[in-house]
Amino acid sequence: PRPPRGSFQQRLSYTTLSDLALALLDGTVFEIVQGLLDIQHLTEKSLYNQRLRLQNEHRVLRQALRQKHQEAQQACRPHNLPVLQAAQQRELEAVEHRIREEQRAMDQKIVLELDRKVADQQSTLEKAGVAGFYVTTNPQELTLQMNLLELIRKLQQRGCQVGKAAL
């Protein structure tokens, strides 16, 4: 059966596939792809841990604020309680706003870092002469490149299985 219009197979020309096959012959590209994958995993883990640390700091901050507010309310005279509670509500809202801003800034930092990693990977594969790779942010081209990487990974795994079978 024919692949659907605009599919991965249809978008890869015979020339691109031939060039890719030639680039894969000596195994260097497999090593480069594995190295890039290892770097990507380390980067993702580091970014994930940074975000977890920030979330933990925010949790500790909220707990401390709740504790401070409870203690202040317990020490407060009943007739001053509404004024104190209003001030505490404003403080809580300000802290929550700061937390949201810090989380948004962290998420933006993570996205920018991952975008940089993608560009680094594209550049490395382009310099290695792997067909279909160049720095781009075009979603269709990115999808094509991800499919090419998946193909390379599958070929690498098959190669390992064939190598083990030969031993």
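This is a predicted model: local features need pLDDT of at least 70, side-chain atom pairs count only at pLDDT 80 or more; totals for chains, interfaces and linings use all residues.
**Exercise 1.** Describe the largest pocket: how much space lies in it, and which residues are closest to its centre?

*Solution.* 
Step 1. The largest pocket holds about 470 Å³ of space.
Step 2. Its lining has 18 residues, and the closest to the centre are Gln40, Val118, Gln121, Met146 and Leu149.
Step 3. Helix 3, helix 4 (81-127) and helix 5 each give two or more residues to this lining.
Step 4. By type, the lining residues are 10 nonpolar, four polar and four charged.

**Exercise 2.** Work out which residues of the largest nonpolar core touch the most other members, and which helix gives the most to this core.

*Solution.* 
Step 1. The core has 15 residues, and those touching the most other members are Leu20, Leu24, Val29, Leu125, Val130 and Ile152.
Step 2. At least two core residues come from each of helix 2 (14-24), helix 3 (28-75) and helix 5 (139-166).
Step 3. Helix 3 gives the most, four residues.
Step 4. Take Leu125 in detail: with residues up to four places away in sequence left out, Leu125 touches Ile32, Val33, Leu36, Val130, Phe133 and Leu149.
Step 5. As background, nonpolar side chains tend to be buried together in soluble globular proteins.

Conventions
Residues are numbered from 1 along each chain as its sequence is written. Side-chain values use heavy atoms; hydrogens and water are left out. A nonpolar core is a set of buried Ala, Val, Leu, Ile, Met, Phe, Trp, Tyr and Cys residues joined through side-chain atoms within 4.5 Å. Buried means under 20% relative accessible area, exposed over 50%, partly exposed in between (1.4 Å probe, protein chains only). Contact means heavy atoms within 4.5 Å. On a 1 Å grid over the protein atoms alone, a cavity is a set of points where a 1.4 Å probe fits but cannot get out, and a pocket is an open set with protein on both sides within 12 Å along at least five of seven lines; lining residues have an atom within 4 Å of a point. Grid points are joined across faces, edges and corners, and a volume is the space filled by probe spheres set on the points. Ala, Val, Leu, Ile, Met, Phe, Trp, Tyr, Cys and Pro count as nonpolar, Asp, Glu, Lys and Arg as charged, and the others, Gly among them, as polar.
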